[in-house]
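Subject: Handover of a structure

Dear colleague,

Please find below the structure that I am passing to you.

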Amino acid sequence: MNSLPEPVADRGGPAQPLLIARDLRKYFPLGGGARVHAVDGVSFSIAKGETLGIVGESGCGKSTLARLLMQLMPRDAGELILDGDPVGGPHGISVAAMRRQVQMVFQDSASSLNPRLPVQDSVAFGPRVHGRSRSAALEVARAALRQVHLDPALIGPRYPHELSGGQKQRVNIARALAIGPRMVVLDEAVSALDKSVQAQVLNLLVQLRRDLDLTYMFISHDLAVVRHISHRVLVMYLGQVMEVGPVAQVFAAPRHPYTRALLASRPSMDPARRTETLAISGDPPNPVDLPPGCRFAPRCPHAEAVCTAANPALAGGADHLAACLIQVPGSGHSQAPGLEAAA
Amino acid sequence: MAEGMSIAPAALPAAPGARRRRNTYWGEVGGKLIRQPGAMLGAAMLAVIVLAAIFAPWIAPFDPNKGSILMRLKPFFFRGHLLGADELGRDMLSRLIWGGRISLAMGVVPVLIAMLIGGALGLTAGFGGKLANTLIMRVMDVFYAFPSVLLAVAIAGAMGGGLIDGMIALTLVFIPPMCRVAESATAQVRNLDFIEAARATGAGGFSIVRHHVIGNVLGPVTVYASSLISVSVLLSAGLSFLGLGVQPPTADWGLMLSTLVPSIYVVPWVCALPGAAIFLTSIAFGLLSSGLRAAMDMRGA
Amino acid sequence: MSAPLLEIADLDVAFHGDGTPVQALSGVSLRLDPGQVLCIIGESGSGKSVTLRAMMRLLPERRARIGGQISFAGRDVLAMTDRQLRAMRGREMAMIFQEPMTALDPVYTIGAQIAETVRRHLGGTQAAARARALDMLERVGVPSAARRLDAYPHELSGGLRQRAMIALALSCGPQLLLADEPTTALDATVQIQVLLLLRRLQAELGMGIVFVTHDLGVAAEIADRVAVMYAGRIVEEGSVAEVLGRPAHPYTAGLLASSVEHVAPGAEIAAIPGAPPDLRALPPGCSFAPRCRHAVAACDATVPPPVRPGPGRMARCFTPLGFAPSGHAVEEHVA
């Protein structure tokens with residue numbers, strides 16, 4: 001029944017992370033020598049079958065990060081390793097080979113699908129590009145549409161403007177599945193949907209992950225959604241990683257003051273216990289004029305003089321890390337544990 | 001207001017299967033075009049003009065090139081000459097019908113060729129990267145520096161004049177604006193999510209242009225081209241008027257206008273006829289063009 | 001009980017364009033007391049923004065056919081002349097929008113826009129109006145307000161722009177503020193700041209607020225009462241604690257159940273199946289019936305009349321949850 005393309009076979013074995021990103025950097029030059037530090041030294045890895053959530057506010061670089069992973073824009077520095085193979089470069093796999101394995105789903109917007117094509121043709125485009133005949137590609141497209149619970153005979157010949165937001169987003173997901181990827185990058189994939197439709201699409205994503213052994217990178221500004229779907233979560237602020245760790249630990253015991261502020265900013269859902277005090281004030285600064293030292297220091301309630309001296313590296317326990325001097329014994333921050341405590 | 005518009009598409013798919021269209025995009029555009037009275041009026045006018053031109057040998061009551069000294073500058077309904085006769089005593093109606101052949105060809109052919117060349121250049125400039133864009137668009141800017149009428153006159157004059165030279169001159173005049181329209185349409189499409197999505201599936205530039213860009217650029221380019229046809233008819237009339245286009249005694253509306261001008265005080269209505277023909281043809285294309293623009297706007301559905 | 005600030009009775013709005021008319025609102029009735037905050041909750045196409053715009057008569061007069069009554073401070077809004085409307089808008093009834101960038105005029109400074117509104121409605125000198133503008137910017141918590149008076153909208157960050165728009169809306173001391181998803185486009189850390197600001201200003205100025213949102217959490221933070229809309233009808237209304245805590249209408253319950261906060265990570269969310277109906281062809285009965293697990297035969301036949309499942313509550317449902325004669329249990333997520 002399932003005539004989706006077979007994914008590329010595993011090469012590195014279960015212990016090899018599916019994707020490793022090392023020190024990715026992307027700067028956008030502005031006039032006059034200034035530049036936007038969109039992604040500034042981001043490293044992480046995603047294990048096979050895992051979902052890594054990326055959260056952060058606007059301007060934190062999460063969408064640029066997705067485009068760097070998909071090679072939709074060239075990176076200024078850094079390394080990407082897919083199942084043990086570096087992407088690009090003389091000894092690595094080609095970008096085309098990587099795209100056969102990693103696909104992306106964009107936010108549902110007016111422009112996420114070609115308005116001039118029936119949606120089945122949009123889905124079939126990928127298989128066509130990867131060398132299938134027209135009829136074979138359409139067959140794959142129909143299978144992909146069935147996979148996202150859309151009736152190919154009914155929905156396939158329609159145009160994007162005839163579909164609802166939820167249906168369009170299912171088509172977007174089908175388009176990614178039609179290549180037979182191992183990993184899908186979801187960039188704000190459910191953010192524009194109404195709540196009741198969002199729940200349907202989230203259920204679908206969880207089911208697809210299970211049925212097709214997919215690995216996700218799930219980018220969203222919505223903490224609740226990220227917590228629901230992710231195994232691990234990475235918190236970004238002004239182009240850098242503030243905290244990364246298992247989702248339960250990060251949400252239950254956040255280590256970075258920014259993560260704590262983000263969590264505290266969620267509406268309470270209980271009119272009897274409304275938010276009374278602000279965890280953080282002001283807007284996220286723009287990523288051009290960066291403060292010295294820790295990027296969060298100007299808005300941080302715990303900032304001290306040492307925080308503006310140097311940009312803290314990720315530190316902490318085994319798999320739950322935060323880029324905050326409070327985590328570093330002997331860092332000079334008054335709340336940091338002493339050196340002897342660590343010893 | 002926006003809210004009113006947003007309701008319909010959001011609510012529409014609730015009844016799946018209620019409507020099922022298998023039409024192509026152009027089929028849908030055609031369907032909407034038919035429901036526009038203005039566009040249909042333009043189409044009807046064009047149909048009359050084009051059919052008359054095609055069947056000129058059968059429907060023209062007289063030989064367009066055979067005149068009689070006795071018939072010079074006669075008014076309407078003079079001895080079987082429904083629309084009178086010109087300064088050489090030739091039947092006006094027959095000359096208008098035959099002249100439509102040349103004038104329509106001069107209106108349509110240069111625009112079609114310019115659409116192909118200018119469109120290809122515009123797509124290349126819009127999708128081919130910075131260098132291609134700079135090269136193509138700067139060259140176009142040079143052409144833009146001259147007023148289009150002057151440019152057409154200069155090129156036609158330099159080449160010697162005549163039907164083919166006139167067509168080439170007009171084609172060259174229309175390539176830069178056509179290229180500019182295609183380039184800006186491409187630039188708009190280039191940044192849309194579905195283009196990025198196509199790249200993410202691993203498609204190369206050529207296949208993205210073929211599947212996703214051309215279809216979206218063709219719309220604006222076609223609308224623009226249809227509006228240029230009336231300009232082309234007028235410009236070619238101008239060339240003929242100056243003696244740089246069609247040469248006498250061939251019947252052509254612009255040429256007829258030019259040779260009849262001295263007689264404007266003798267038989268004013270007869271002299272105005274070629275002008276009226278140019279005017280009506282250009283109106284017809286204009287109506288069709290604005291109808292097409294409205295019909296191609298899918299979001300208005 | 002005091003006289004209501006705003007009362008809407010049986011409001012119908014249909015948009016006529018080319019093709020079938022779109023029935024955006026059907027029989028909407030609402031009441032807002034002075035100083036009260038009412039949240040209208042609904043998804044896209046539910047009619048929440050249309051309701052808000054109808055209150056200020058902002059719907060396109062030529063395309064929108066409006067029936068019913070809207071009375072504001074004892075006056076009939078639908079019968080007002082253009083002149084009366086202009087005097088009311090911005091003075092007694094003000095509006096803030098989701099996207100301040102499009103609601104503020106890009107070619108005037110923030111200070112000039114506020115001062116202009118103040119002088120139009122309240123008169124006075126330019127200097128007095130500017131002083132009022134400065135005072136308003138300070139009240140909405142714009143840092144270095146004196147400097148920001150001369151800033152253009154594009155020079156401000158998203159959060160500051162939203163504050164500037166609130167300052168503009170409140171500059172003439174309106175009795176009623178209409179808010180159309182003003183926090184939806186904001187980052188999480190900024191959204192909560194704006195919500196707290198609106199709550200504080202509401203308490204200080206004593207105005208009524210009608211706040212349109214799709215976000216139940218936002219409603220929980222700011223509302224006294226909530227009205228839940230579906231396919232152009234108000235399906236449930238009541239105090240925020242009651243409606244969010246013990247929803248009577250299956251749609252409200254479904255919305256609550258489909259928020260991810262209520263389920264274990266990765267577990268199946270109890271999503272509402274299907275999609276909202278086509279507003280050009282509404283079913284004869286309850287619009288939610290095709291998606292409702294509790295629907296009975298009567299639901300498809302007629303639109304349920306409003307029932308009162310509790311004091312100060314209303315639900316349009318034949319089988320209200322937890323209140324039905326047939327003894328439907330209260331949904332478990334409520335606990």
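Two strands are said to pair if DSSP finds at least two bridges between them. Helices (H or I, at least four residues) and strands (E, at least two) are themselves DSSP runs, numbered from the N terminus.

The model is predicted: local features need pLDDT of at least 70 and side-chain atom pairs count only at pLDDT 80 or more, while totals for chains, interfaces and linings use all residues. Residues are numbered from 1 along each chain as its sequence is written, and chains are lettered from A and ligands numbered from 1 in the order in which they are written.

Strand E3 of chain C

I begin with strand E3 (residues 37-41) of chain C. With strand E8 (residues 208-213) of chain C, E3(C) runs parallel, and 5 bridges join the two. Within E8(C), C:Phe211 is the residue that stands opposite C:Cys39. E3(C) also pairs with strand E9 (residues 225-230) of chain C, again in the parallel sense, over 4 bridges. There, C:Ala227 in E9(C) is the bridge partner of C:Ile40.

A residue is buried if 20 or more other C-beta atoms lie within 10 Å of its own, exposed if 12 or fewer, and partly exposed in between, with C-beta atoms placed from the backbone. By this criterion 5 of the 5 residues of E3(C) are buried, so the strand is largely enclosed by the rest of the structure. Both of its faces are covered: C:Val37, C:Cys39 and C:Ile41 are buried on one side, and C:Leu38 and C:Ile40 on the other.

Domains of chain C

Chain C is divided into domain 1 (34-56 + 87-92 + 174-335) and domain 2 (102-173), with bounds that come from an automatic or database domain assignment. Taken over C-alpha atoms, the centres of domain 1 and domain 2 of chain C are separated by 32 Å. Two residues are in contact if their C-beta atoms, placed from the backbone, lie within 7 Å; in these terms 12 residues of domain 1 of chain C are in contact with 12 residues of domain 2 of chain C. On the domain 1 side, helix H8 (residues 188-205) of chain C gives the largest share, 6 residues. That side has 9 nonpolar, 2 polar and 1 charged residues. Here Ala, Val, Leu, Ile, Met, Phe, Trp, Tyr, Cys and Pro count as nonpolar, Asp, Glu, Lys and Arg as charged, and the others, Gly among them, as polar.

Contact between chains A and C

The contact takes 36 residues from chain A and 36 residues from chain C. On the side of chain A, helix H7 (195-211), helix H8 (223-229) and helix H10 (257-264) are the elements that give two or more residues. The largest share, 7 residues, comes from H7(A). By class, this side of chain A has 16 nonpolar, 12 polar and 8 charged residues.

Chains A and B

Chain A has 11 helices and 12 strands. Its radius of gyration (taken over C-alpha atoms) is 21 Å, close to the 20 Å that the globule rule gives for 343 residues, so chain A is as compact as a globular protein of that length. The globule rule is 2.2 Å times the number of residues to the power 0.38. Of the 343 residues of chain A, 52% count as buried.

Chain B, by contrast, has 12 helices and 0 strands. Of its 301 residues, 45% count as buried.

Yours sincerely
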